[in-house]
Amino acid sequence: MKKLLFALPAMLLPALPSLAKDRVTVDPNAVNTETILHVWSWNFPTIAENMKKIADSGYTMIQTSPVQQCFQPEGSGKKIFDEDVTEGNWYYYYQPTDWKVGNYILGSRDEMKVMMDSAAKYDIKVIVDVLPNHTAFDIDAVSDDMYKAVGGRDKMFHTHGLDPIRNYNDREQCTLWAMGSLPDVNTENPDFQKYYMEFVNDLLSLGVRGFRYDTAKHIGVHSDPVDKEAGVKVNDFWDVATGRKSVKGVKLALPEDSLFIYGEVLQDKNVPETEYADYMGQTASSYGHVLREALEKGTVNGIDILNWHHSASPEFLTTWVESHDTYANAHESAHLTDDQIRTGWVFLTARQNGTPLFFSRPAGSTRKAYWGDNLLGARGNDEFYHPEVVAVNKFRTAMKGEKEDVRISPNGSVLLVNRGKKGAAIVNISQLSNVVDLPTTLPNGTYRDEVYNKEFKVKNGRLTGYAAPHRTYILKK
């Protein structure tokens with residue numbers, strides 16, 4: 001996701017009579033166990049060096065920043081954000097110049113191979129952020145190889161692909177015009193599809209086992225308008241990208257169900273969520289907004305924190321407290337303290353559904369200096385392996401098959417996520433201490449949490465104790 005696009009409340013749509021029903025019909029028995037660390041702006045060597053720590057912290061997957069060749073203008077440097085660069089250096093790897101592995105920010109293809117070997121050693125699945133529907137602003141920077149492969153420059157973009165979107169709720173503009181002025185690729189061009197899928201299959205050959213599709217809602221589904229002027233008859237990119245259809249002898253090299261694929265389909269009016277659900281998981285952007293609102297207020301009273309605010313079934317959603325967009329673009333979430341983010345993460349991760357993604361904030365970042373040490377390629381701050389984060393990551397895996405039972409204190413500040421009779425997570429989202437006295441499914445007994453060794457008691461179906469400000473506790477039977 002790039003600049004100028006923000007999450008808005010979801011508009012629920014009726015289920016379509018297709019495979020989408022599998023991802024829009026709620027299965028009460030579905031339980032998610034995986035977690036994603038978004039190693040945003042870390043380069044390949046940094047990721048490889050920290051793979052053991054990532055695994056020891058309980059994550060099962062990592063998501064890298066875009067790995068394809070990207071825009072490198074004169075004067076670009078190694079700062080994440082540079083006041084002399086309007087959009088910040090981090091924004092350049094979201095501006096493709098070719099779909100080949102390797103760029104000056106993350107590293108070379110050989111360095112990626114070393115990272116992938118490290119991931120395999122520690123049994124970490126790698127997801128790559130991919131962005132097929134636009135190029136760099138400077139179309140002269142796009143490689144001649146790619147222009148040649150797609151049939152020439154006039155075949156690269158949609159008919160109105162250089163015209164900026166004026167109305168994001170107009171699906172024709174949203175899918176066929178330039179998002180944030182980024183040139184919109186003709187993703188229905190078979191020559192482009194072939195070239196792009198060769199890139200995807202190269203990533204799979206390196207061991208990649210998932211993709212996050214950036215700006216996915218800007219690539220049309222079957223019900224969306226087609227670019228007739230460019231000779232397009234059907235919006236079939238997603239059929240090709242998910243392996244349902246081959247193009248010019250090239251097909252997704254692995255079965256779709258062996259991969260973790262989700263799309264950044266930011267929720268807004270007129271977005272056909274159920275059609276996207278036919279192809280892949282989606283981002284729960286509205287839920288992130290709701291969760292952050294609760295964290296800011298220190299209470300969930302008056303806020304529907306249990307509803308996932310999405311028309312897709314929750315087991316197919318990728319969830320977060322914040323994303324790189326909410327942090328780095330308009331700083332929508334950047335003012336939240338690390339403590340607030342952590343309590344939100346524990347609540348999100350303790351729950352039964354969704355696949356939570358932890359955004360790694362820049363090292364040294366503060367609530368007054370969001371960019372911190374401001375160095376592209378470096379590891380993020382220490383929060384990704386904070387003891388509370390580690391405890392809930394491992395709790396999530398241990399709670400496989402256990403349904404949730406969420407309870408909320410009368411003041412809305414203490415959230416209790418019961419997971420069958422095996423465990424519970426206590427989350428105090430307030431800056432004040434709170435009494436804990438809530439119904440639980442845990443058996444009677446005395447429990448000590450896994451991080452602070454704090455004692456809680458269960459008697460006659462009620463869990464009691466005290467919770468410190470912005471503190472979380474993990475209990476297991």
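1. By class, eight nonpolar, six polar and six charged residues make up the lining of the largest pocket. Here Ala, Val, Leu, Ile, Met, Phe, Trp, Tyr, Cys and Pro count as nonpolar, Asp, Glu, Lys and Arg as charged, and the others, Gly among them, as polar. The model is predicted: local features need pLDDT of at least 70, side-chain atom pairs count only at pLDDT 80 or more, and totals for chains, interfaces and linings use all residues. Residues are numbered from 1 along each chain as its sequence is written, and side-chain values use heavy atoms, without hydrogens and water.

2. The volume of the largest pocket is about 420 Å³. A pocket is an open set of points on a 1 Å grid over the protein atoms alone where a 1.4 Å probe fits, with protein on both sides within 12 Å along at least five of seven lines; lining residues have an atom within 4 Å of a point. Grid points are joined across faces, edges and corners, and a volume is the space filled by probe spheres set on the points.

3. Of the 20 residues lining the largest pocket, Leu259, Phe260, Ile261, Glu315 and Phe316 are the closest to its centre. Strand E7 (260–263) gives the most to this lining, with three residues. Strands (E, at least two residues) and helices (H or I, at least four) are DSSP runs, numbered from the N terminus.

4. The second largest pocket holds about 250 Å³ of space. Among its 20 lining residues, Asn186, Glu188, Asn189, Pro190 and Ala230 lie nearest its centre. Helix H8 gives the most to this lining, with three residues.
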